Amino acid sequence: MSHITFSRQFMGMHTLSPTRHWPDVNFGSIRPAGVTWGALEPAKGQYDWRSLDSWISQSRAVQFTYVFLNTPRWASTRPNEPCNGGRLGCAAPPDLNDWDEFVRALVTRYKGRISSYEMWNEPNASGFWSGSIQDMVELAAHAYPIIKSIDPSAIVTTPSASSTGWPLSHDAWLDQYLTAGGDRFSDVIAWHGYAGRNDRPALPPELLVGQIEALHTVLARHRLSRIPIWDTEGGWGKDTQLPDEGDQASFLIKWYVIQFTSGIGRAYWYQWDNPLWGTLWLEGSGLTPAGAAYRQVAGWLEGATAASPCRPAHATTLWTCDFRKGSVLYRIAWSASGETSFPIANTVVALTELGGIKQVPDGRPVLLGSRPVLFQIREDGAQ
């Protein structure tokens, strides 16, 4: 793997509003809500930029990703087509002239303030897109040159296929999108890394490795191995999928370190102040244990360069991932099942447990459970 150095933009975030509960943790990228095409242009040529203006104003200190979504009924080529779950605007594709005009107006107004554009939200999920993959490539073929001609520094990602999408998986959808020519209109690959369907318990965060490997397999097939990958939305999903707060905190740490050490460029958590989904902050009580874990993992990774990806040790339940800060080696480790002994405890200079402070080891064996522990390693005896 390439040695990826941590940047603040890696820590991405979603929040419900730009004005109500702005996150007070260290993040560098934001992906907004409520600013879809249907909301911004409710009638042809009549723009209401107020909500997006508010987001842009609040987000000056971070990178702003705009996601295209929600074809207005007036612009749809199939305006009477019903949407899954009653969502407005999945009927697709739009009239391309209307699409071009919206993209041009959007990018012209926010040149230099929107840093990246995500071509569509979860097109492999029936509630967000009912057009074909070729239809989506055609949208990208129109939008990409418009965006680049107005704001050459802007980044354009692929549509973000979801790991929970149906009937096509995220990697199968991406493969077909690239085969149809979508690679010509993308600077970054986007996908959504979730822990399974939201009507059942969350799957282990270790399964993210498989999601990422599936993406790399597709990109290798298309000779695109060097293109960056972003996870523009993800987490454990609904809080009911993972109700224990300690498990939530552990999940979040693993979700971020697995992606950082696997070379993912950005990972946007869903969602800061949503009381039902991936909650990091609650009205009345403030930061949750998972919110505190977000703050902690950002501190662990600040100034780090990935050295080896999170993987299980051979024939054990022990997972480890390494990174460096300067000449100092750090290792995050946990057990994917039950308890296991940390095999090089005699080389540990210091350790920090989830939610805890830095400790000097006392010479006793270190037993690991499901909660990740950060170790500072002395390399003169390390394996």
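Author: Helices α7 and α8 cross in the right-handed sense, meaning that the near helix is turned clockwise from the far one by less than a right angle. The model is predicted, with local features requiring pLDDT of at least 70 and side-chain atom pairs pLDDT 80 or more, whereas totals for chains, interfaces and linings use all residues. Residues are numbered from 1 along each chain as its sequence is written, and side-chain values use heavy atoms, without hydrogens and water.

The axes of α7 (residues 245–261) and α8 (residues 289–301) come within 8 Å and cross at roughly 30°. These axes are lines fitted to C-alpha atoms over the stretch in contact, with angles from 0 to 180 degrees between N-to-C directions. The two helices are therefore roughly parallel, a term for angles under 35 degrees. In the contact (heavy atoms within 4.5 Å), α7 contributes residues including Leu252, Ile253, Tyr256 and Phe260, and α8 residues including Ala293, Tyr294, Val297 and Trp300. By class, 13 of the contact residues are nonpolar, one is polar and one is charged.

Helix α7 also lies across β1, β7, β8 and β9, running at about 160° to β9. Helices (H or I, at least four residues) and strands (E, at least two) are DSSP runs numbered from the N terminus. β1 and β9 pair in the parallel sense over three bridges, where pairing requires at least two DSSP bridges; glycine 12 has tyrosine 268 of β9 as its bridge partner. Both strands belong to an open, parallel sheet of nine strands, ordered β5-β4-β3-β2-β1-β9-β8-β7-β6. At its edges, β5 and β6 each have a single partner strand, so one side of each lacks a neighbour in the sheet.

How values were computed: Parallel < 35°, antiparallel > 145°, perpendicular 65-115°, else oblique. Nonpolar A, V, L, I, M, F, W, Y, C, P; charged D, E, K, R; others polar.
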